[in-house]
Amino acid sequence: MRPVDLVRDHTVYACVMGSRAFGLATEGSDTDRRGVFLAPTPLYWGFEKPPTHVDGPADEQFSWELERFCLLALRSNPNVLECLHSPLVESVDDTGRELLALRDAFLSRQAHETFVRYAIGQRKKLEADVRQHGAPRWKHAMHLLRLLGCCRDLLRTGRLVIDAGEQREPLLEVKRGEVPWAEVERRMNRLGEEADAALAGTALPAEPDRARVEDFVIRARRASALRAPAPRASALQAGADDEVVERLVPGRGVG
């Protein structure tokens, strides 16, 4: 089965991400599509395993296999967690709805570390741009501020809300380069400090509910296996016969 067929025929959840989901789209903004597909269980029975992710088939489209997606979400990967909270859902089936119902199971205090660590990495790139070119990539600076605010609010409220809301215009001013870099740095520092302070009093659990998520993945795999065509009995028997003959007369097969 081709990777694009997995996305086309086995997607359980698809949404729009990026600026459109964040409430920061402007004229000319791309439409970034993300999705989750459930590879049919029989594909795991052979030596060649299905892919953990697929680019395309459309431009700006990326999908994860369900198990990979869940593992990344359990590690509080910012990009994956935010996919579960997109306000722009394009398609969802019963498995996808159950995945969305598990959103709270993925949330934990670990989000502070992963979101802030990601932000630090992005900030270093922006600082390198300032040193080399005199200015950062303003769009990236905007998204970094949004991410830090999202992390702070998650720790404060226990809810992950990705829409910029009332911060839309201040963030777009950064994107347009209307805010001096020194002021952007000040805002980054303030948001980072507020996220650190929120961690101390957060109601989020220390760890995600891994057992609950794993139970969901196992049930999804089992249901997929039950839907698959049964292996031919003759083929299975032929394999068993080969094994018996080889055991009795080493080096000799039945073919």
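Reader: Which element gives the largest share of the lining of the second largest pocket?
Author: The model is predicted, with local features requiring pLDDT of at least 70 and side-chain atom pairs pLDDT 80 or more, whereas totals for chains, interfaces and linings use all residues. Residues are numbered from 1 along each chain as its sequence is written, and side-chain values rest on heavy atoms, without hydrogens or water. A pocket is an open set of points on a 1 Å grid over the protein atoms alone, where a 1.4 Å probe fits and protein lies on both sides within 12 Å along at least five of seven lines, and its lining residues have an atom within 4 Å of a point. Among the elements, which are DSSP runs numbered from the N terminus (helices, H or I, of at least four residues; strands, E, of at least two), the one that gives the largest share, seven residues, is H8.

Reader: What is the volume of the second largest pocket?
Author: A volume is the space filled by probe spheres set on the grid points, which are joined across faces, edges and corners. For the second largest pocket this comes to about 450 Å³.

Reader: Which residues are the closest to the centre of the second largest pocket?
Author: Its lining comprises 19 residues, and the elements that give two or more of them are H8, helix H9 (168–175) and helix H10 (181–201). The closest to the centre are Gly-149, Arg-152, Asp-153, Ala-164 and Gln-167.

Reader: How many residues of the lining of the largest pocket are charged?
Author: The largest pocket has a volume of about 650 Å³, and of its 24 lining residues the closest to the centre are Gly-18, Phe-22, Asn-79, Tyr-118 and His-143. Here Ala, Val, Leu, Ile, Met, Phe, Trp, Tyr, Cys and Pro count as nonpolar, Asp, Glu, Lys and Arg as charged, and the others, Gly among them, as polar. On that basis nine lining residues are nonpolar and eight polar, while the number of charged ones is seven.

Reader: Which strands stand at the edges of the sheet?
Author: Five strands form an open sheet of mixed pairing in the order S3-S4-S2-S1-S5, where two strands pair if DSSP finds at least two bridges between them. Each edge strand has a single partner, so one side of each is left without a neighbour in the sheet, and these strands are S3 (53–55) and S5 (89–92).

Reader: Which residue in S4 is the bridge partner of Asp-55?
Author: S3 and S4 pair over three bridges in the antiparallel sense. The partner of Asp-55 in S4 is Phe-62.
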